[in-house]
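My entries follow the structure below.

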Amino acid sequence: MKYNFDEVIDRSNNRSAKYDEREKKFGVKDVIPLWIADMDFKTAQPVIDALKARAEEGIWGYTSRPDSYYEAVCGWQKRRHGWDIDKRMLSFSLGVVPSLSSIVYIFTEPGDKVLIQTPVYSEFYDVTESWGRQVTECPMKENEGKWTVDFDDFEKKAREAKVFFLCSPHNPLGIVWSREELTRMCEICIANQVLIVSDEIHSDLVFHGRTHIPTATLSPEIASHVITCISGTKTFNMAGLQASAVVFPNQELKDKYDKFWFNLDIHRNNAFSSIAMETAFNEGEEWLDQLLEYISGNFDFIQEYCKENIPQIKPNVPDATYLVWLDCRELGMDNAALRSFMIEKAGLGLNEGWAFGRSLSGFMRLNAACSRKVIEKALKQLKAAVEARHS
Ligand SMILES: Cc1ncc(COP(=O)(O)O)c(C=O)c1O
């Protein structure tokens, strides 16, 4: 089947946070929403068909997870990433963020430190600080748009941390980590008794011939220190179904995690999510391959457009995720001015860069998972706003 990602779908009646919460987030209703990380595309047709059939059943009582669900999750990881998961080590979760949050709560004490590499997914701050733990930042080093790990600093910060949140692939920089980088980070963590938590939610959204390496496949020694969060919700645009999976290195850690969620009586999929996940993993590859090609085209379009028309704004070329990190420092605005410029002058609803690294200034994150027509309209508005700045 050929999917049409060019179609602009009206999501205004979709109960979508991205659209409905614009006023709350940006103070106005009519910005083009290129912020929160979901896509403006319909998911794979087999998933839609499976959920329609499930809806038609008309009985949505308490659910169980059949073997076929576990086989689909493990089969996907094996086929796409070469990772053989022991299905007995798989736990359910309502989402990757709830998993990260509970991991902080369960495996650290108040005041303990969680190591993060900034800029990074802003929830890494929130789930740490909301439990009274401290974030310890290891800022990435930037050189002409290329961001790399400062290993000296990483080693120093690891000495005082209990947990390391690894974002692999990396949001918002779109980095697909190399085997060497991953191994080095993990070895430092192991030497300092730091629990590695690998958030691999973006692992299927990889471009430019790069290969995602699951952290738990690096070596048996590293695997024994890693908790991995995986999900089909980002890949197949179904975050609203609220489901993901966590892979534990051993029974002891898994039992602690499962006990926490059992105590809250949260351990079952909702009536739709396990079917969606299973179908996506079994039958969604054709859609995903076309999606990746389309998004890659959006990245090229953004690059070309900015180079030709708005050279003051420098987008990175992400190797993963559908999120583009915009370097707007040449506009010479502080964060508050940049925010109001993007909203009021350019009419764009973007994520502010400082949320991903609190000391950063002059960056924005743009969600490129929408029709190219929308991207084009957004960039035209941005160009006009930049040109009108001094007039
Ligand atoms: C790195 C990362 N982890 C987790 C999430 C959200 O996961 P979930 O919706 O499963 O809670 C996102 C969403 O953007 C993300 O970028």
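The entries below give each look-up in turn.

**Basis.** I worked with a predicted model, in which local features need pLDDT of at least 70, side-chain atom pairs count only at pLDDT 80 or more, and totals for chains, interfaces and linings use all residues. Residues are numbered from 1 along each chain as its sequence is written. Helices (H or I, at least four residues) and strands (E, at least two) are DSSP runs, numbered from the N terminus.

**Entry 1: α3 and α11.** I looked up the axes of α3 (residues 45-57) and α11 (residues 273-283), which come within 9 Å and cross at roughly 150°. Axes are lines fitted to C-alpha atoms, for helices over the stretch in contact, and angles run from 0 to 180 degrees between N-to-C directions. The crossing makes α3 roughly antiparallel to α11; that term applies to angles over 145 degrees, and roughly parallel to those under 35. I then listed the contact (C-beta atoms, placed from the backbone, within 7 Å): α3 supplies Pro-46, Val-47, Ala-50, Leu-51 and Arg-54, and α11 supplies Ile-275, Ala-276, Thr-279, Ala-280 and Glu-283. By class, I found seven nonpolar, one polar and two charged residues in this contact. Here Ala, Val, Leu, Ile, Met, Phe, Trp, Tyr, Cys and Pro count as nonpolar, Asp, Glu, Lys and Arg as charged, and the others, Gly among them, as polar.

**Entry 2: burial of α11.** I noted that α11 is largely enclosed by the rest of the structure, because nine of its eleven residues are buried. A residue is buried if 20 or more other C-beta atoms, placed from the backbone, lie within 10 Å of its own. Among the buried residues of α11 are Ser-273, Met-277 and Phe-281. Their cover includes α3 and α4 (67-81).

**Entry 3: α12 and α14.** I found that the axes of α12 (residues 285-309) and α14 (residues 372-388) come within 11 Å and cross at roughly 20°. The two helices are therefore roughly parallel. Residues in their contact include Phe-301 and Tyr-305 of α12 and Ile-375 and Leu-379 of α14.

**Entry 4: Phe-165.** I located Phe-165 in strand β7 (residues 163-167). Phe-165 counts as buried because it has 26 C-beta neighbours inside 10 Å. Leaving out residues up to four places away in sequence, I found that Phe-165 touches Leu-100, Val-114, Ile-116, Phe-124, Val-197 and Asp-199.

**Entry 5: ligand shell.** I counted 13 residues around the ligand, the closest being Ala-37, Gly-95, Val-96, Val-97 and Tyr-121. A residue belongs here if its C-beta atom, placed from the backbone, lies within 6 Å. The shell divides into seven nonpolar, five polar and one charged.

Note on methods
Parallel < 35°, antiparallel > 145°, perpendicular 65-115°, else oblique. Contact = placed C-beta atoms within 7 Å. Buried ≥ 20, exposed ≤ 12 C-beta atoms within 10 Å, placed from the backbone.
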